[in-house]
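Dear colleague,

Please find below the structure that I am handing over to you. My notes on what was found in it follow directly after.

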Amino acid sequence: MAILVTGGAGYIGSHMVLALCDAGEEVVVLDDLSTGVRANVDPRARFMLGDVSDPLIVMRLIAEHGIRAVVHFAAKIVVPDSVADPLDYYLANTAKTRALLAAVTAAHVPHFVFSSTAAVYGDVSQEPVSEATPAVPVSPYGASKLMSEWMLRDSAQAYGLKYVALRYFNVAGADPLGRTGQSTPRATHLIKVACEAATGKRAGMQVFGTDYPTRDGTCIRDYIHVSDLVSAHLDALNYLKNGGANAVMNCGYGAGYSVLDVVETVKRVSGVDFPVTLAPARAGDPASIVASASKIRDTLGWRPKYDNLETIVRHALAWERKLPANSAAA
Ligand code: UFG
């Protein structure tokens, strides 16, 4: 009985594959390598190059490996890109998830863990953001993921699929043992960008927006270590195995750090005073988004191990130092 990980060559997916293999699970990865890195897939896992929306591939993998659960990471994740080309995001994230779900439910795979996002909430006025906060996404990216949550809810009702959807806040860091990490070229995420600046892969970095209504004028986010995020997925799989009810849960620590906090931490941990320019706000960035993190702790018994910005940065930096220089922004 194996577990199918879609997008298992990606940033979060490759950490999930390691954790499942470490736990002695049989793992099958399905990834089209559009952004994933083959070398980051644990050799203990079976790798299949292909598209999650191809029913022939998915049905074959399910039958051949006796798939008992699917963990679905494969997706596009860049919010501004989704604004520029929404139909591409509705295809990659919504239509392909629909095709995957059709194959999974037809083959009676019982359990599904879905990679959702805090972007489903849109511009939140009340913090921390609990799962009861109305989901009103402001980007096609957030909408594409919310529609997938709806398909899960309805598939559970109609076909008996059991699922957990995890709404990730700001995922960062890397495997503490240095086996994988964020490897995507032209990354836009703050901690990755700052680590590229600290390792000389870019000349410096910009802080987008300095007059937000926050304590230092820059945006506040809830940064979660990728290994803690992955342990939440392991907990979700166990929860479903033990008969847990379908659930949608935030995945964050419930603590907010500003952009300047992050920049200062990366400078301190790296010992490099890289150039930082103050720049206008990026379109669509909410001032602050911090999770209410009690539901996942109460429901799954999730206990994070790396709940510390300095640890997240230390691991991200260690990985960045291992990556070749040509992996950064052009
Ligand atoms: N930022 C900078 N400079 C940079 C990069 C980012 O100042 O070079 C700022 C952004 O403006 C923002 C903060 O750092 O204020 C965090 O930005 P990220 O791009 O790292 O992350 P976002 O909060 O924009 O997005 C993340 C995930 C999305 C998810 C969203 C939900 O990447 O997938 O959180 O809130 F949808």
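Two residues are said to touch, or to be in contact, when heavy atoms lie within 4.5 Å. With that in mind, Gly181 touches Tyr11, His15, Asn40, Ala174 and Trp319, leaving aside residues up to four places away in sequence.

On provenance, this is a predicted model, in which local features need pLDDT of at least 70, side-chain atom pairs count only at pLDDT 80 or more, and totals for chains, interfaces and linings use all residues. Residues are numbered from 1 along each chain as its sequence is written, and side-chain values use heavy atoms, with hydrogens and water left out.

The overall fold

The protein chain contains 10 helices and 14 strands; these are DSSP runs numbered from the N terminus, helices being H or I with at least four residues and strands E with at least two. Its radius of gyration is 19 Å, close to the 20 Å given by the globule rule for 330 residues, so the chain is as compact as a globular protein of that length. That radius is taken over C-alpha atoms, and the rule is 2.2 Å times the number of residues to the power 0.38. Of the 330 residues, 55% count as buried, meaning under 20% relative accessible area, against over 50% for exposed and in between for partly exposed (1.4 Å probe, protein chains only). Among contacts between residues at least 6 apart in sequence, 78% join residues at least 24 apart.

Helix α5

Helix α5 covers residues 140–159, and its 20 residues should span 28 Å at 1.5 Å a residue; the end C-alpha atoms are 27 Å apart, which agrees. The expected span is 1.5 Å times one less than the number of residues. Gly160 follows α5 and has a positive phi, near 80°.

Gly181 lies in the loop between β7 (170–172) and α6 (190–198). Is Gly181 buried or exposed? Gly181 is buried, with a relative accessible area of 1%.

Not counting residues up to four places away in sequence, Lys192 touches Gln182, Ser183, Thr184, Ala187, Glu320 and Leu323.

Yours sincerely
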